[in-house]
Amino acid sequence: MVVSGQIKLTTRGNGQILDITDQVDQQVQVSGLANGVVTLFTPSATSALTTTEYESGAVHDLQQLFDRLAPPNMEYRHNLRWGDGNGHAHVRHALLGASLAVPFVEGRMTLGTWQQIIFVDFDNRARSRSLVVQIIGE
C-alpha cells in the first residue's frame, strides 16, 4: 500500500535548520501501516533533507560547515545570470540532496537514539515549503 501526504513549513531561509522528526512520525502513525519505508522529498533546488543529532552545537557546526564550503558572498555564475543572490543555496542543496528514506518497523521509524530528521532551507529569503511524504508498506 502507498499513502501520500505533505508537510508544510514556513522558514526564514539563510541556512535555517528545522527538526521535522515529529511531523514525519505523525505521518507514519496516521498511515496505519506497520512496516515499510517513509520517503521525504523537497521539490526545491535550494533546500535539503538529512539526519543529524538536532542539538544547538551540532546545528551550529553544520551551518558553519556550509558557510565554509559554499559561502554566500562568493561569486557564483548562477547569481551573475539570474541576479537573485542564491547561487550558494543551489550548491549547498546539491551537497545534501532533495530526498530521504527512513524504514519503519512496527509503526516506529528506525532512527538512532540521537538521530533526527532535519530540513535545511538554504535560500536567501523566507519561504513557504511543502514537502512530499510517501509511505510504502504493509
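Accessible areas here come from the Shrake-Rupley method with a 1.4 Å probe. For this predicted model, the accessible surface of the chain is about 7,700 Å². Carbon and sulfur atoms hold 51% of that surface. Of the 138 residues, 41% count as buried.

Start with the fold. The chain has four helices and eight strands. Their order along the sequence is β-β-α-β-β-α-α-α-β-β-β-β. The radius of gyration is 16 Å, close to the 14 Å that the globule rule gives for 138 residues, so the chain is as compact as a globular protein of that length. The C-alpha trace spans about 50 × 30 × 20 Å along its principal axes. Take the contacts between residues at least 6 apart in sequence: 81% of them join residues at least 24 apart.

Now go inside. In soluble globular proteins, nonpolar side chains tend to be buried together. The largest nonpolar core of this chain has 19 residues. Ile20, Val24, Val38, Leu40, Met109 and Ile117 have the most contacts inside it. Two or more core residues come from each of β1 (2-11), α1 (21-31), β3 (36-41), β5 (99-105), β7 (116-121) and β8 (127-137).

Beyond its neighbours within four places in sequence, Ile117 is in contact with residues including Leu18, Ile20, Val24, Leu40, Leu100, Val102, Met109 and Leu111. Its contacts also include Asp19, Thr21, Thr50 and Thr51.

A second, separate core has nine residues. Among them are Ala48, Val59, Leu62 and Val120.

Last, the charges. The chain carries 10 positive and 13 negative charges, and their mean positions are 11 Å apart.

Note on methods
Residues numbered from 1 in each chain as written. Predicted model: local features only at pLDDT ≥ 70, side-chain atom pairs only at ≥ 80, totals over all residues. Heavy atoms only, no water. Rg over C-alpha atoms; globule rule 2.2 N^0.38 Å. Buried < 20%, exposed > 50% of the residue type's maximum accessible area, 1.4 Å probe, protein only. Contact = heavy atoms within 4.5 Å. Lys, Arg positive; Asp, Glu negative; His and termini not counted. Charge placed at Lys NZ, Arg CZ, Asp CG, Glu CD. Core = buried A, V, L, I, M, F, W, Y, C linked by side-chain atoms within 4.5 Å.
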